[in-house]
Amino acid sequence: MRLASTLAALVAAAATLGTAPPAQAAAPALQIVKIYYDSPGADRRSNSSLNAEYVTLLNTTRKAIVLEGWSVRDKTGYTYEFGPDVVLGAKKRITVRTGQGDDGTSSVFWNRRQYVWNNDQDTAYVRNPGGKLVDSCSYKARSTSAYVNC
């Protein structure tokens with residue numbers, strides 16, 4: 001009798017081994033959370049239109065990240081590299097805007113006079129100062145939205 005109950009317990013345990021939820025990959029330290037690829041209105045390259053095109057990044061860690069040397073790039077190869085003195089606090093967001101402006105703690109500016117993000121499809125890449133890919137986000141445009149949450 002004892003052998004039968006032990007065998008039944010082993011069979012039940014074996015049956016549950018395959019039902020555990022899959023392990024979640026750790027979030028990258030700097031994660032792309034949003035790409036606003038089609039600024040409102042006509043694309044006339046005004047600074048306000050350029051700045052309405054952006055990518056937002058999130059520090060997923062519990063510590064501040066010094067962003068000097070980190071980069072954001074699109075599929076074509078347009079690259080924004082963070083300069084010195086840009087520190088992103090723990091769990092904070094920073095937005096990289098395409099146009100011109102004064103860098104602050106929540107937004108930095110690419111200082112371009114042309115759009116970066118294609119309105120039909122593109123991919124954003126984030127690399128650390130050593131050049132290692134940390135995160136990416138691809139999109140294909142939908143007629144109902146001008147942005148993608150990554």
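**Entry 1: the model.** I am working from a predicted model.

**Entry 2: the open sheet.** I looked up the strand order of the open sheet. Five strands run in the order β8-β7-β2-β1-β11, and their pairing is mixed. I then asked which strands stand at the edges. They are β8 (107-109) and β11 (147-149). Each has a single partner strand, so one side of each is left without a neighbour in the sheet. From one strand to the next, the twist averages 25°. As background, I noted that strands of a sheet pair through backbone hydrogen bonds, in either a parallel or an antiparallel sense.

Entry 3: I picked V96 and looked for its bridge partner in β8, which is V108.

**Entry 4: contacts of V96.** I listed what V96 touches, leaving out residues up to four places away in sequence. Its bridge partner V108 is on the list, together with E53, Y54, V55, L57, V72, Y80, F82 and W110.

**Entry 5: the core.** How many residues does the largest nonpolar core have? I found 25. V96 is among those with the most contacts inside this core, along with I35, L57, L67, F82 and W117. Two or more residues come from each of β1 (30-36), β2 (54-59), β7, β9 (121-127) and β10 (133-140). Of these, β1 gives the most, with three residues. In general, nonpolar side chains of soluble globular proteins tend to be buried together.

**Entry 6: strand β4 and its partners.** I turned to β4, residues 71-74, which pairs with β5, residues 79-81, in the antiparallel sense over three bridges. S71 has E81 in β5 as its bridge partner. Four residues lie between the strands of this hairpin, and G77 takes a positive phi near 115° there. I also checked β4 against β9, and this pair is antiparallel as well, with four bridges. Here D74 stands opposite A124 in β9.

**Entry 7: S49.** My last stop was S49, in helix α2, which covers residues 47-51. Is S49 buried or exposed? Its relative accessibility is 8%, so S49 counts as buried, the cut-off being under 20%. Residues up to four places away in sequence aside, S49 touches S39, P40, A42, D43 and Y115.

Notes: Residues numbered from 1 in each chain as written. Predicted model: local features only at pLDDT ≥ 70, side-chain atom pairs only at ≥ 80, totals over all residues. Heavy atoms only, no water. Pairing = 2+ DSSP bridges. Axes fitted to C-alpha atoms, helices over the stretch in contact; angles between N-to-C directions. Core = buried A, V, L, I, M, F, W, Y, C linked by side-chain atoms within 4.5 Å. Buried < 20%, exposed > 50% of the residue type's maximum accessible area, 1.4 Å probe, protein only. Contact = heavy atoms within 4.5 Å.
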